[in-house]
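User: Could you walk me through this one? I would like to begin with pockets, then go on to side-chain contacts.

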Amino acid sequence: MFDGVSGWWDGAELWLAQQWFPVQFVLVMAVLVPLSLLLGWVIHRVVDVLAGIATGVRRGGARNPDEPAG
């Protein structure tokens, strides 16, 4: 299975390396920009969830701010 993936990757890499530089740049940016945005969004969400969990643990549990204390 990995031989097939390796062969495909080598072929794609060779094809890209033989392209004119502006074409390489556009193709790489067309892949890297969306992947970077997606990865940044995922990291942001994970940090939000972990910060929410840490805040809840530190406060001794999440409370509704509209509830009267006590």
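Analyst: Trp 8, Trp 9, Ala 12, Glu 13, Trp 15 and Leu 16 line the largest pocket, where a pocket is an open set of points on a 1 Å grid over the protein atoms alone, reached by a 1.4 Å probe, with protein on both sides within 12 Å along at least five of seven lines, and lining residues have an atom within 4 Å of a point. This is a predicted model, in which local features need pLDDT of at least 70 and side-chain atom pairs pLDDT 80 or more, while totals for chains, interfaces and linings use all residues. Residues are numbered from 1 along each chain, and side-chain values use heavy atoms, without hydrogens or water.

User: How much space lies in that largest pocket?

Analyst: About 150 Å³, the volume being the space filled by probe spheres set on the grid points.

User: Switching topic, how many salt bridges does a search of the whole structure find?

Analyst: The search finds one, taking a salt bridge as a side-chain nitrogen of Lys or Arg within 4 Å of a carboxyl oxygen of Asp or Glu. The side chains of Arg 45 and Asp 48 meet in it at 3.9 Å, N to O, and both residues lie in helix H2 (residues 21-59), three residues apart, about one turn of the helix.

Note on methods
Helix = DSSP H or I, 4+ residues; strand = E, 2+ residues; numbered from the N terminus.
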